[in-house]
Amino acid sequence: MIEIDHLTLTRDGLAILDDISLQIPRGGITAIIGPNGAGKSTLLHCLAGLLTPASGQVRVLGRDIHRIAARDRARLLALLTQSPGAMPRLSVRDLVGFGRWPHHRGRPGPEDHAIVAQAIERFDLGAMAARDVETLSGGQKQRAFVAMAYAQTTPWMLLDEPLSALDPKYTRDIMDRLRDLAPPPGRRPVEPATVEETRSVLLVLHDLQSAWRYADWFVCLKDGRVLSHGPRDTTITADLLSELYDTPLRLERAGDTSVILPA
Ligand SMILES: Nc1ncnc2c1ncn2[C@@H]1O[C@H](COP(=O)(O)OP(=O)(O)OP(=O)(O)O)[C@@H](O)[C@H]1O
């Protein structure tokens, strides 16, 4: 579980995160949603221990994130940021291999190679594994970075807008794969033999449809505060979404799911 206890983070004297307290359950997929500038990325960086709050605490599996050494943190949480930056002259295979660094620190062994191969297969990157990352399309690059986070084999994967450049096929593909790794609590993950631990996936999403379809748990942020959080079915309503985004939205049943539409 991740426990967030009265977390406040300020920049230039302004509270970007304002007294946030909540718990994020272990296992399953949690979506952080909310309008632009709500503080979603900032919260993700705080959870990863990369930003120091003005007050409050983040505990991951019972430990204060700021008291965990960087190397141990990297074996606990994988963070994929919104703009991971340029990777000149690096092949897709090498990029994915970077995910193993906290485990082998420069001396990869057979298990590291096996996990990288699985990640490449799992995220459908085999045909481009030898290519320079910078020659990939935006969506292909996105998949390669998610595969890198996967190869880190951490109990927690924190992904900031992993769907932003993806077409509908790969949106579904990546979310199905994350669902396999982080099934709803109580169900076994679909994992290869070398990667046995259940993952917990925490992602920032603007794609509300995917959030609705895949997330078990929601954190709804607005103006640096938590407007609502909890399991999907008891948290997400048309009224909540309309208030969150300051625009009228409705939620309609469509077969086995619901769609979110302008009201
Ligand atoms: N380095 C910084 N200095 C000052 N303000 C910042 C800094 N980084 C972020 N902010 C501000 O903090 C607020 C929250 O930013 P954050 O990136 O966390 O929002 P977000 O919810 O992820 O937004 P988006 O959906 O647009 O990506 C914004 O008002 C932003 O301008």
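Reader: How many helices and strands does the protein chain have?
Author: This is a predicted model, and its secondary structure is read from that model. The count for the protein chain comes to 10 helices and 12 strands.

Reader: What is the radius of gyration of the protein chain, and why can the chain be called as compact as a globular protein of that length?
Author: For 263 residues the globule rule gives 18 Å, and the chain's own value is close to that, so it is as compact as a globular protein of that length. The C-alpha atoms fill a box of roughly 50 × 45 × 35 Å along the principal axes. The radius of gyration itself is 18 Å.

Reader: Which strands are the edge strands of the six-stranded open sheet?
Author: The six strands of this open sheet run in the order β6-β7-β8-β3-β9-β10, with mixed pairing. An edge strand here pairs on one side only, and that picks out β6 (77-80) and β10 (225-231).

Reader: At about what angle does helix α1 run to β7?
Author: Helix α1, residues 40-47, lies across β3, β6, β7, β8 and β9. Of these, β7 spans 156-160 and β8 spans 200-204. The angle of α1 to β7 is about 155°.

Reader: Which element gives the most to the shell around the ligand?
Author: Surrounding the ligand are R11, D12, I16, G34, N36, G37, A38, G39, K40, S41 and T42. By class, that shell has two nonpolar, six polar and three charged residues. Helix α1 spans residues 40-47, and K40, S41 and T42 belong to the shell. With three residues, the element that gives the most is α1.

Reader: Is R143 buried or exposed?
Author: R143 sits in helix α6, residues 138-151. A residue counts as buried if 20 or more other C-beta atoms lie within 10 Å of its own. R143 has 23 other C-beta atoms within 10 Å, so it is buried.

Reader: Which residues is R143 in contact with, leaving aside its neighbours within four places in sequence?
Author: I65 is 78 residues from R143 in sequence, and their C-alpha atoms are 28 Å apart in space. Contact requires C-beta atoms within 7 Å. With those sequence neighbours left aside, the contacts of R143 are F123, L125, Y170 and I174.

Terms used. Residues are numbered from 1 along each chain as its sequence is written. This is a predicted model: local features need pLDDT of at least 70, side-chain atom pairs count only at pLDDT 80 or more; totals for chains, interfaces and linings use all residues. Helices (H or I, at least four residues) and strands (E, at least two) are DSSP runs, numbered from the N terminus. The radius of gyration is taken over C-alpha atoms; the globule rule is 2.2 Å times the number of residues to the power 0.38. Two strands pair if DSSP finds at least two bridges between them. Two residues are in contact if their C-beta atoms, placed from the backbone, lie within 7 Å. Axes are lines fitted to C-alpha atoms, for helices over the stretch in contact, and angles run from 0 to 180 degrees between N-to-C directions. A residue is near a molecule or strand if its C-beta atom, placed from the backbone, lies within 6 Å of it. Ala, Val, Leu, Ile, Met, Phe, Trp, Tyr, Cys and Pro count as nonpolar, Asp, Glu, Lys and Arg as charged, and the others, Gly among them, as polar. A residue is buried if 20 or more other C-beta atoms lie within 10 Å of its own, exposed if 12 or fewer, and partly exposed in between; C-beta atoms are placed from the backbone.
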